[in-house]
Each structure stands twice: as structure tokens, then as C-alpha cells.
Amino acid sequence: MTTLRAFTCDDLFKFNNINLDPLTETYGIPFYLQYLAHWPEYFIVAEAPGGELMGYIMGKAEGSVAREEWHGHVTALSVALEFRRLGLAAKLMEMLEEISERKGGFFVDLFVRVSNQVAVKMYKQLGYSVYRTVIEYYSASNGEPDEDAYDMRKALSRDAEKKSIIPLPHPVRPEDIE
Amino acid sequence: MAARGHVQDPNDRRLRPIYDYLDNGNNKMAIQQADKLLKKHKDLHCAKVLKAIGLQRTAKQDEAFTLAQEVAVLEPTDDNSLQALTILYREMHRPELVTKLYEAAVRKVPTSEEYHSHLFMAYARVGEYKKMQQAGMALYKIVPKNPYYFWSVMSLVMQAISAQDEKLSQTMFLPLAERMVEKMVKEEKIEAEAEVQLYFMILERLGKYVEALEVVQGPLGEKLTSELQSRENKCMMLYRRLERWAECNALSCKLLLKNPDDWQFYLLYFDSLFHLIDQSWTPPQEGTHSAEGEVHASISQALSFMEDRIATEEAKESKHLRGPYLARLELIRRLRERSCPEAQQLGEPLELMFQFFVKFGDKPCCITDLKIFLDLLTPDQHVQFINRLMEAVPLGAPGEDGVAFPGDTRALQRHLCVTQLSRSLGQQHALNTQGKLGLIKELKAHYRHGLQFGKSCLKTELQFSDMYCLMAAHVYIDLWLETSELNMLWQSLGLLEEGLSHSSSNAQFKLLLLLLYCRLGAFEPVVDLYSSLDAKHVQHDTIGYLLTRYAESLGQFAAASQSCNFSLRFFHSNQKDTSEYVIQAYKYGAFEKIPEFIAFRNRLDHSLHFAQVRTERMLLDLFLEADISSPLEESVKSMSLCPEEDDILWDSLRDNRDLTVLVSWNPKDRQLNAEHKQRSLEDDTLWLRLRSLTLRLIGCVSALTHPPASRNSEKRTENGVAAKPSSLRSLLSQLESTLNQATQFTEKQLQVRTALSSGCCQCQLSSLQLPLHLQELEAAGLGSLLHTSLYILEKCKGDPLEVKDSQSTTQHFLLENLVYFVETVCIVLWVSNYCVSVLRPLKSSLQKKKKKKKEARNVDQSFSLQSLLNQALEHIKSQEISLTALKLGALSLEGQTQSEAEGTFTKMAMDKVQSSYLRSLQEIGELLKKRADTLKSLKI
């Protein structure tokens, strides 16, 4: 039971219950505004009947069409603790995939911490597979080692042969990805 | 750096190293390199600008500006110079200069698409809508591309939005914008989705909903494809505005069939249904019900629609949606509101909520879902309801202490949900002290039992049973508020510290700890707690108040300074950042985002919290530094404080605080409501008014002491030190009336009350009035002031932390009083300084007039001020000593109920409070000592 609607600037004042979570990053204002200005349709929020924000997804479309790399990208996906285990993240992912289908994307991709097993498992259930590992993609601040990311992908209908998701044999470095 | 020309030209090669230095933050080398280059190529203007950027970034603003203007007057037309100047002006916060730059450039190169487009963006940055409109059209004439045309149209819409006169918007700007779009429609030149969006925006703002509907449903509407359900959502909005309830109803039906979990459409379905019933709507004789299909216009249809939705859910094997079940409860509510007997046909709410619990009780959101329907139960059903729910909670056999535990996390979640509901129904609040203590014991047992399920939890995950711990802490707080027994608070703190030790990522633990420590007057532990929340950016506005509200008044000046800085940095960067994204929105044609971004920028600019930290930061700087490390007038000047100017837009203040960030399961009558929020806003605004007036008055005193007569007359007003006695007088009367207002504010609002009851506000006012009396050549002295100060000091006396009868008590307001005392001392000293400067020249004449008495009195006062400060210092010293000697460990806190492990955590909390008090005393003492030293140099 959810109201799904476009994320607006005013939601930034209300998303603390989602963002006061150790794995959810609160970005600077420019970052959010950039997405709202460029890909407003990709920024969706779920609201509970009582007005609490439940979760949101933030994404974009990028890549070269000619090289068959035009795709949807999940930049952030987060659901407040109390609204987990309702399939909300799956619903938001489904919406992002549909938007990417309409834009003629070949696939949808996302980055996730290797240690975030819950998320990795969920994405696998949603049909995503590990395309490559990106070494030390997440920089740590408190002296701990930087963490690797999985670049996970799911082919869209335009990539009927699922060429875009054939796993790379070797991990890559952050500077080698676009 | 963005400023790199795309055409390879030898100058590019020469400039490259400077760009690189600037990019790497090596500003000194950039300046050197630019100088070197300029020796060889005197007319390489861009090098000058790059040097200016280097200077700007090394805090040599004046030099940078002069150098930049040398290039600007030449009206450059090379890309490199233009872009470098744009960057420089932006960093100088002078975006209006960029417009001048490109105005000149398009004059010289009238056919340049690039310069015209830069000019448009430069206008956009400063919000010159009319000029944008013209620039857009000029651009379209040179290069007839659609986006340029629509930039111009959007600029008209912005003129309409920003117009003071609504009539002008409705009769001139918007109709003009509409005609411009219609022209393109007629010529079949509409290309992009953004253009249709803009057309829709214009029609909507004009209230032309019928026309808007035609656009959305017509061929142009086919372009609305990016957003999901874009056309449906727009139609729905228009049906509502047009009160076309039949269409509204039919469309919500359709959308609910597609997604039976989308709550907004249930609400619209019910709204429209009852409108149709009220209108006695009947379907047409022939044809379809409405443009959107079948319409439900009777309660029986609605009932069967709901039953169908639920039947569909019931038929599913798994992944049941909550929407249909909750919508049924919503329908009962609405039917009851209209006294419709059909409400009963849907079932008894208690039973329906029970069934909901059976299905969804193991989801953490179950409490949030059911909470909003609790008022469907009658009070005498509450006990029955909780008992009924408990039937569906699988628990093991009760242990020795009579507590039965859940066997897995799902059962735990169910039990937790019932416990939360019980609290929401007020059952916990109804318990007596013994009952509450029993409840706490039970909650703690559940909490600790539940920890076994989370043994393999990662550091970033929370424990499954954390909420029990939080609730037990809440019950302790209930007890503390009821009995004023501080032990309850200590135990609450101890429990939360224990919880945090098992679940280091739990933000709720941290938030409550933070609040409780502040209530106890202990700011030191708060710093780490807040930083571990990792609050950033916009959160400095929404939850930053938790930090800045307490820091200074609790005597932790260094921390206060730092926390104000966090917030200020965020607010200042916002002003620059948002403009860039307004421009981006034009580029990408996200027209509907443009007014949204501008409103967002204003919301941050007018944030109450922003005004608070701005004011407090300046006051703090003055109290800490002025006349200690540099003279008062220097401090006032460096913060460009202008007493005559009120920099706070009182009528547009926005309360951006997130007051619901702390979880609460309190019953409705104890929940935070709109009235509380309003009162809190009024309270904070009143306090801000007092502080802001005090600040400006200090500015006045400084200006009086050092009249700017000797300064360059041109600079006088700019420096803000040209305060006239008249502004002093008016500010004083404002402060006086605000104080009166505050005195009447009888509610127990902490900050204002403490400050008022300590007598500081009144004393500060009296001292600030002194210059005025002197100007009127009235005989007045510091005598009465000293008397008041002494009285304030008396109020500061007492032990902030005391152990009596093996119970500890805190009197943290003593710390606050001490801080206000020190603030008052600062003000009295600044005022004295002024008085001395006035009286000294009079000395001889006074003597002639045989008024030696007065002179003598001044000496007296200097002495007694000195002795007052000494007294205060001694008091603080003795406090420090006794606080250090205090052995809290010797305390036995209700030894009977606390285990040893629990005791450790409570002790830890006490140690933190003790250490924090000590630190506050030290900081206050240090400042006071410095102030006492300055008194010696003040020769009265």
C-alpha cells in the first residue's frame, strides 16, 4: 500500500527515516538536482498513507546507442527499515526497467558493495547477474580498506541475445569504467 | 576546469599549464606561471584572468577583481577569457557581471549562437526573466531551433510566477506564453515532450483545464512518454480540478485494477464515489458511462468492488498486497463519517484488523499500517483487541520469571507489533509506577532474548529486538516525567548505551541519547553521537537543530562553533549551487523543475535554522574574541555586521526541522501535533529575535565607541559601523518589547525561560540602554547593573551535579545560567568601554563642576566589577574541584533492579555527563578569565 510518485525537492526535507541508514548515502544538493533536472522520470518515491516516505529510486539513462551500450542505470535505491520485506525495492526496480525499456535501452545496470549480501541476493532474484567486479570502487573514510563493487546487469528486450550481460573474465579498475 | 577551448590554438598550449595548476589546487604556481607568460605575451588576456582566479582562491579578492576588470573593460570575445571570467565571477558570487560580459560579446559578434546562449544562461543565473525572454528569441532568430524558442516561452512563465501582481500574470504573461506555443502547434512544429509539458504547465496555470485535457488526450499527449502513467496522472489531476467525478472514478477504478496497491487511487476512488452519490449521478441512457469507462456511483458497487479486490488477493498463493485490506478499513471510516449503515457490511474493524495482523503481523510496517485505523475501535474494545492479536503470536512456554518468548524473528516481529499497538492505545501510559517498572523488566527481557537471533548481523545491520530496548527507554522517560526521579533518566541512558553497544548503526538509539544528554545539559557526548549519524548536506538543515540548539547555551563553545560551521557551509554553498541546476533544467527542458528549484533555494535561504546559526555564530565569535584577540570594532567589521540592517526576513522564515525523526508510539493525545510545531516555531522565532537584536545592539555600541568619522566617508555605510543613536534607540525599544512579549510567553519553553529567569536578558537590555542615557547626558552609572549581575551570579551558584543520599541530581540549568552570565559580562564590559571613552574627556570639566563624586563612583564600580568577576571565577574553580572529586561510582542505583552489566552502562552514561559538565565549566571559566584580564586594561 503505497503511493508512487515523482520525487520532488521537498522530499529532501522528509527522507531522514530512509537516509539515516549506514548503507544509504546522503549526497550533496547538486547531485540530486542534477538528476531532477536531467532524468526526472527516473527519480521515484514511495509514500505511505500516513505521509511517511517509504523508499526511493534514483537513476539515469546513459551510454552509446551505436555501441549497444545505451542503458538504464540505478544510482540509488533505498527503502526505510520499517518498510522492508514488502517487495517495494522490486517494484521500484520494475518501474526503472520499464522506463529504460521505453527509452530503448539494451540493459539496466547497477553497482553494489560486494559485502552487501542482502542486496546482491535481492538483485539476483530480480534477474540481475554479476557482469564484472570493480576493484576498490567504494572508498572508505575511516582507515578501512576500500571496497570492491559488483557491476550487475539485466538485459532488456532490445538485447534479445543477452549479449550485454556476458560476464567479463577479469575484474576492472574504477578508472576503466565509464 | 571547464574552460578549455575546443579549437587548438597556440595560446591554448601556452595556457594549459596554468589550467593544470588551478585544477590541482596549486594556486601559487598558477599565478607564477601566468606572470611568466604575461611577460612574453602582454596581450594574452586570458592569462590575466587565470591569474585572477589564482588570486581569488588565495583570498586576494581585491587584487583579483582589479585584474579581472582590466580584461573585462576590453570586452573580450575569445572563448578562453570569457569562460575563465565566468568562473571567476561565479566564485566571487558576482553572477551579474557575467551578463555584462556576454552582452558585450554578442554586441561584437551578433551572430554567435554560443555567446547568445551563454548570455541567456547568465540571465537565468540572476533571474532576469524579461531579458531571458528577449535573449531566447534573439537566439531563435539566429538559429531557429525549438529549444531556444521554448526557453523564451518559459521565461514568460517565470515572469508570471515571479510577478507581484497576479492579474498581470493571468492577463499578460501567461496568455502571451500560450499564444507563442499555439503558434508552434498550428505550424506543426512541436517536436519534444518537454514542449508539450510546458504547454500543459501554461494551460494549468491559466486554469484552462478543459484545454489542458484536450492536449493530454490529443495527438500532442502522445509525446508524454518518459514518465510512467504520465497521461493518466495528468488526466486524473484535471478531472479533479474540473470536478468530473465520473471520469475520476472510472479512471481510478482502471488504475486500481492495474495496481491494487496504489493508495492515492483508492482515495480518489472514494472521493469521487461520494461526490457522485451526493450529486445523485446516473449513467447516461446509452453508450458508455464516461470517457474513462464504467463508473461506480453507489455504495453497493463500491462494496462489491472492494470485495472483488480482496477476493483477488485471497486467491493469490503468496505476496499478498496490503492495499485492498487497508482500503476496506478506509472505506469503513468514510461510511461511518457519513453515518452509512452499510459500513457494517464490510465487517467489524476489530476483526478485520485482526485478520490483517494474521497476514502481515510479521512485517515491520504492520504497526504503521494499523496505527492510522486505531480510532475505528471504541475505547472499550482496546483490551479485547490486544488480547485477540496476542492469540496470533506464537510464543514459547513462560520461563521462571513468567515471560514467554518468541521462537524466531517472525514471531518476535508479531509480538513487537502488538506491544507497539498497546503503547499506541495508551495502555502503557495507563499503568502505575509499579506496572511500568514491570513492563520495563519484560521489555528488557524480550530485548535481550531477541539478541540471539542477530548474532550473525553485520555492523551495518540492526538487531531484530532493538525496538524493545527503545521502548523500554521510552517507558523510563515516562516514569521520569511523572516522578521527576532522575534515576529513571539515568537508567534510560544506560539502557540506550547498552543497546548501542549491540547495534552500533541504530540511528534511533543515537537520536534519543543525544536528546537526553542535551536535556541533562551534557553536550560533550552529543558531538560523537551526532557525527556517527553521518548527517550531511540537507540534513544539516533538517536535523542540525539537535546540535546547534544546545551547544552554546551549555558552555561548549568550541563544539558550538564547529557545529554552526557545518550548517553554515551547507547553506552558503546552496545559494551558488542551485542556480547552476536551474540552468541545467533549461538545457534539458525540465521546465516544471525550474520553479521547483527556485522554491527549493528559497526554502533553504529562508530556513529558520540558517538564520539561527548565522546569528549565534556571530554572537559566539564576539563573546569569544571581541576585545580579547582583537578589538570589538575589528570583529564587528570583519563579520560585516550592520546594526541598521535586519538580515532576517521574519515573515518568510521556513521551519525545515524534521521533528518526526525520532520514533514514537505515543497515543494520539501525546503525539506531536501541528499546534506543538507552531508553538515551537514561535518560541524559536522569539528567541532568535532577542538574539538578533542583541547582536545588532552590540554592533551599535561598537559604532558608538569608534565613530567612523575619521574613515573614508564613502566606506562608512559599507562597513556597517555608521550606527546613529537613533538606530540604537529604535533597536532598544524593539528589544524591550520583544522581552515583554517573551515574559508573557508563559509556556514552559526551555531556552527563553532559562534566559529570562536568570535575569540576563533584562540585564543585557539595561546595559545596552546605558549609552543612550549617557548621550542624553543623564547621570547614570554602572551601579545598578552591577547589582543585577551579582544577582545573576547568585543564580548560577549551586552544584550542577550532586550526590545526596546515594542519589545523584543534576541542576544543569546552572550551566546555562553561567553561560548567560558570561555573555552579560561581555556586554557590560563593551558598554563600559564606551562609557569610559565618553566620560574621560569630561573628566576635567566634571572636576571643575565639583562632581568628583561621580568620578569616585566610577572607580568604585571598576573595583566591584572586578570583584564580581573574581567571585564568579572562584565559584567556577570550586565547582570544577568538587565535580572532579565527585565519585559517581559510589552510587548504588536502585541496586535491586539493576544487574551488574546494566550498572556498567548507567555508570558510563553518568561519567559522560560528569566529564561534560567539567568541560563546560572549564570553557566558561577560561572565557571569564580572559574577560577579567581585559577589565584590567579598561581604566575606569
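**Chain A: its sheet and its interface with chain B**

I begin with one pair in this predicted model: A:Thr133 stands opposite A:Tyr150 in strand 7 of chain A. Helices (H or I, at least four residues) and strands (E, at least two) are DSSP runs, numbered from the N terminus. Strand 7, residues 147–155, runs antiparallel to strand 6 of chain A, and six bridges join them; strands pair when DSSP finds at least two bridges between them.

Local features need pLDDT of at least 70 and side-chain atom pairs 80 or more, while totals for chains, interfaces and linings use all residues. Residues are numbered from 1 along each chain, chains are lettered from A and ligands numbered from 1, in the order written, and side-chain values use heavy atoms, without hydrogens or water.

In chain A, seven strands form an open sheet with mixed pairing, in the order 1-2-3-4-5-7-6. Strand 1 and strand 6 (129–138) stand at the edges with a single partner strand each, so one side of each has no neighbour in the sheet.

I turn now to the interface. Contact, meaning heavy atoms within 4.5 Å, involves 48 residues of chain A and 54 residues of chain B. The two chains bury about 4500 Å² between them, 63% of it on carbon and sulfur atoms; this is the accessible area (1.4 Å probe) lost on being put together, summed over both parts.

The rule finds two salt bridges across the interface, a salt bridge being a side-chain nitrogen of Lys or Arg within 4 Å of a carboxyl oxygen of Asp or Glu. A:Asp10 forms a salt bridge with B:Arg603, with the closest N and O atoms 2.8 Å apart.
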